[in-house]
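Please read them with the structure open.

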Amino acid sequence: MMSAATSQDIDKVALTISGNIEAAAPAEFSIRALEALPRTTIVTATPWHDGKVTFEGVLLSDLMAQVGGKGTRAEFFALNDYRAVIPVADFKASKPILAYKVNGDYISIRKKGPLFVIYPYDQYPEMKTEIFYSRSVWQVRSIVIE
């Protein structure tokens, strides 16, 4: 199924990671660059979608390994200025992903994209709480590792 995103859209910088990372300069990723990393799929229901949805993206633990992230917390910033802190320990324990596709299509800004933090809610029902929902940042634009 063809998505509304154009190749130009997926080649633009969509994510900047800074803070306590190996590189001196912030790491920048386009959707295409994120797609080149190991891919993970989560099928789950969320409070923001009808029924079960298939999310595709990169594990946050893999993304942190890619940039050499060292720290205990990651602050996520959204296009709408929403911010949330996620403990880095969550990345391995809970296995959230930074999703760039939903049901096979790139996620438009209008549909909470282009990047959306998703936890495997159905796999771990104890995550169906406001704490974890508040960490499911959509329209992610940047991450600062501290």
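1. Arg73 has Pro87 as its bridge partner in β6. This is a predicted model, and the pairing belongs to an antiparallel arrangement of β5 (residues 73-78) with β6 (residues 83-87), made over five bridges.

2. Four residues lie between β5 and β6, and the two strands form a hairpin. In the turn, Asp81 has a positive phi of about 75 degrees.

3. β5 is also joined to β10 (residues 140-145) by five bridges, and this pair runs antiparallel. Within β10, Ser142 is the residue opposite Phe77.

4. Five of the six residues of β5 are buried, so the strand is largely enclosed by the rest of the structure.

5. In α3 (residues 60-67), the buried residues are Leu60, Ser61, Leu63, Met64 and Val67. Viewed down the helix axis they fall within an arc of 160 degrees, so they line one face of α3. Gly68 follows the helix and has a positive phi, near 70 degrees.

6. The largest nonpolar core has 35 residues, of which Leu15, Ile17, Leu63 and Phe76 touch the most other members. α3 supplies the largest share of this core, four residues. A second core of ten residues is separate and includes Val53, Phe55, Ile97 and Ile118.

7. Leaving aside residues up to four places away in sequence, the contacts of Leu15 include Ala27, Phe29, Leu34, Leu63, Leu98, Leu115, Val140 and Ile143. Glu28, Arg141 and Ser142 are also among the residues that Leu15 touches.

Methods:
Residues numbered from 1 in each chain as written. Predicted model: local features only at pLDDT ≥ 70, side-chain atom pairs only at ≥ 80, totals over all residues. Heavy atoms only, no water. Buried < 20%, exposed > 50% of the residue type's maximum accessible area, 1.4 Å probe, protein only. Arc of directions from axis to C-beta. Core = buried A, V, L, I, M, F, W, Y, C linked by side-chain atoms within 4.5 Å. Contact = heavy atoms within 4.5 Å. Pairing = 2+ DSSP bridges.
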